[in-house]
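Please have a look at the sequence and the model first.

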Amino acid sequence: MDDAELYWIMQNGIKMTGMPAFGSTHNQEELWAMVAFTRCLPEMSQSEYEKITEASEGHHQAGGEDRAPAAFRK
């Protein structure tokens, strides 16, 4: 999939699967950050993932108070 397809999926979800839609709870910048993060996951080590998730503690799915690390912004 290309980035635009991943963005659409993040925004709209996929019905009858475990993939929720984030378009109503996240802005465009946050959705692109999710796409970038998804692209990085296959090469990410466990320690890198833990460091990022620890840094984002307190983030509420519906609120978007915290932004993705700059490395994951498009």
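## A buried histidine and a helix pair

His26 has 8% relative accessibility, so it counts as buried (under 20% relative accessible area, with a 1.4 Å probe and protein chains only). This is a predicted model, in which local features need pLDDT of at least 70, side-chain atom pairs count only at pLDDT 80 or more, and totals for chains, interfaces and linings use all residues. Residues are numbered from 1 along each chain as its sequence is written, and side-chain values use heavy atoms, leaving out hydrogens and water.

His26 sits in the loop between helix 1 and helix 2; helices here are DSSP runs of H or I with at least four residues, and strands are E runs of at least two. Across the protein chain there are three helices and zero strands. Of its 74 residues, 23% are buried.

How do helix 1 and helix 2 pack, and at what angle? The angle is about 120°, and their axes lie 9 Å apart, with axes fitted to C-alpha atoms over the stretch in contact and angles running from 0 to 180 degrees between N-to-C directions. The two helices are therefore oblique to each other, a class left over after under 35 degrees (roughly parallel), over 145 (roughly antiparallel) and 65 to 115 (roughly perpendicular).

These residues make the contact (heavy atoms within 4.5 Å):

| Helix | Residue range | Contact residues |
|---|---|---|
| Helix 1 | residues 3–12 | Asp3, Ala4, Leu6, Tyr7, Met10, Gln11 |
| Helix 2 | residues 28–40 | Gln28, Leu31, Trp32, Met34, Val35, Thr38, Arg39 |

How values were computed. Buried means under 20% relative accessible area, exposed over 50%, partly exposed in between (1.4 Å probe, protein chains only).
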